Amino acid sequence: MKTSSLIARTILDSRGHWTVEAALTLRNGIRVTASVPQGKSTGASEAHALPAARAVRNINKIIAPWLVRADFNDQDALDAFLVRLDGTTSKSKLGANAILATSIAFARASAAAKKVPLWRHLRTIAKLPARKSAFAQPRLFINVVNGGLHAGNNLAFQEYLIIPKCRTIAESVDVGTAVYHELGNALVAAKGKTAANLGDEGGYAPDFKDNLEPFAMLQHAAKKLKLDKKVDFGMDAAATDIKDPALGRPGALMKAYAAIIKKYGPIYLEDPFDENDFEGFAGLNAEFNGEGGGTIWIAGDDLTTTNVRLMERAHAAKSVNAIIIKPNQIGSVSEALAAVRLAREYGWAVVASHRSGETNDDFIADFAYGVQADGLKLGAPARGERVAKYNRLLEIEEEGKKGGR
Ligand code: PGA
Ligand code: ZN
């Protein structure tokens with residue numbers, strides 16, 4: 001793979017903040033682009049993104065000349081080189097955004113050079129043991145009600161998720177959009193037309209009576225459509241960013257989760273406690289999953305930040321049985337794949353995820369499918385930057401059928 005040029009520029013993300021796009025051209029004429037998302041409820045241990053203009057300068061002035069001069073045979077070699085060139089543990093010199101944009105562009109160019117879909121290329125380089133389960137594709141984690149830092153409403157918890165239980169992505173999208181639309185109608189009927197306004201990830205974002213009401217309305221919407229057997233519920237509390245003083249009291253969060261679990265039986269709970277509270281997570285995990293592993297996925301996001309060192313700590317403390325994987329939390333494709341490998345070794349469920357500030361880049365869809373993730377968290381099926389991922393997943397499903405999985 002010989003690179004003839006790597007040229008970065010600043011582009012806007014879905015909140016109107018600058019982010020990085022890199023265009024990589026191979027000497028055989030193949031040209032690909034890659035851009036990187038940005039979070040808002042970020043974990044303190046995430047790799048460090050630089051202001052977009054600085055990251056762009058670092059790509060154009062430092063990374064690009066190396067890439068054109070040296071031939072990197074594979075993703076691991078490129079990413080290891082970039083990590084060394086940066087020289088910091090947080091990627092703060094070149095910027096995690098500069099490194100990841102380059103890394104994703106390289107993966108995309110490698111797939112194009114091999115003439116295979118990106119997910120298939122990622123599946124080859126991921127070096128994961130084959131999965132024998134009935135699993136065929138990631139389940140969709142659809143964020144239909146936004147709260148916390150992602151909305152201007154009174155919800156303490158950040159994301160209320162519906163998780164279709166379907167055999168195909170096409171059917172999951174059908175079920176997910178139906179419940180999403182029905183919820184919108186019900187919200188407008190109950191709360192007036194401003195209830196149709198959307199939060200950062202395209203979920204509805206009105207004020208609610210309390211933190212449980214979104215589940216009640218979701219349950220009602222699913223039942224009305226006779227789809228209640230086809231959807232599970234989940235939540236990302238994003239607890240580090242909870243501002244409600246009532247939930248700050250000792251035991252208050254645990255009590256709230258116990259009530260939600262009892263009444264609505266969610267299958268998924270992400271970041272239920274502060275990002276440093278490995279023991280708090282472990283308490284909840286033990287309470288609801290017991291010794292033999294269990295029925296509810298307790299997932300680390302800000303707790304683990306796609307970082308194998310924090311994953312080791314969470315494993316030792318028995319904090320979680322599931323993990324969110326966000327490539328931009330760690331800053332390169334190879335390291336995100338290493339995190340997936342470790343999660344599999346631990347027997348954790350793997351949920352790949354977009355960020356709240358997104359671009360139209362659909363890499364995360366190929367990534368999730370490529371690593372055979374258990375889930376993919378994508379926001380609501382509305383707004384172009386979210387829809388881009390759903391539409392890519394639908395396309396991947398077709399590609400998978402054609403070429404065999
Ligand atoms: P973020 O939120 O992208 O703003 O960090 C997503 C999440 O917490 O899962
Ligand atoms: Zn989260």
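The lining of the second largest cavity holds no nonpolar, seven polar and seven charged residues; Asp, Glu, Lys and Arg count as charged, Ala, Val, Leu, Ile, Met, Phe, Trp, Tyr, Cys and Pro as nonpolar, and the others, Gly among them, as polar. This is a predicted model, in which local features need pLDDT of at least 70, side-chain atom pairs count only at pLDDT 80 or more, and totals for chains, interfaces and linings use all residues. Residues are numbered from 1 along each chain as its sequence is written.

**Second largest cavity**
- The space in the second largest cavity is about 80 Å³, a volume being the space filled by probe spheres set on grid points joined across faces, edges and corners.
- Of its 14 lining residues, H150, E201, K326, R355 and S356 are the closest to the centre.
- Domain 1 (3–115) and domain 2 (125–403) each contribute at least three residues to this lining; the domain bounds come from an automatic or database assignment.

**Search of the whole structure**
- Two cavities of 30 Å³ or more are found; a cavity is a set of points, on a 1 Å grid over the protein atoms alone, where a 1.4 Å probe fits but cannot get out, and lining residues have an atom within 4 Å of a point.

**Largest cavity**
- The largest cavity has a volume of about 130 Å³.
- Among the 15 residues lining the largest cavity, P37, I104, E358, F363 and I364 are the closest to its centre.
- Its lining comprises six nonpolar, five polar and four charged residues.
- The largest cavity lies between domain 1 (3–115) and domain 2 (125–403), because both give residues to its lining.

Key:
Chains are lettered from A and ligands numbered from 1 in the order in which they are written. Side-chain values use heavy atoms; hydrogens and water are left out. On a 1 Å grid over the protein atoms alone, a cavity is a set of points where a 1.4 Å probe fits but cannot get out, and a pocket is an open set with protein on both sides within 12 Å along at least five of seven lines; lining residues have an atom within 4 Å of a point.
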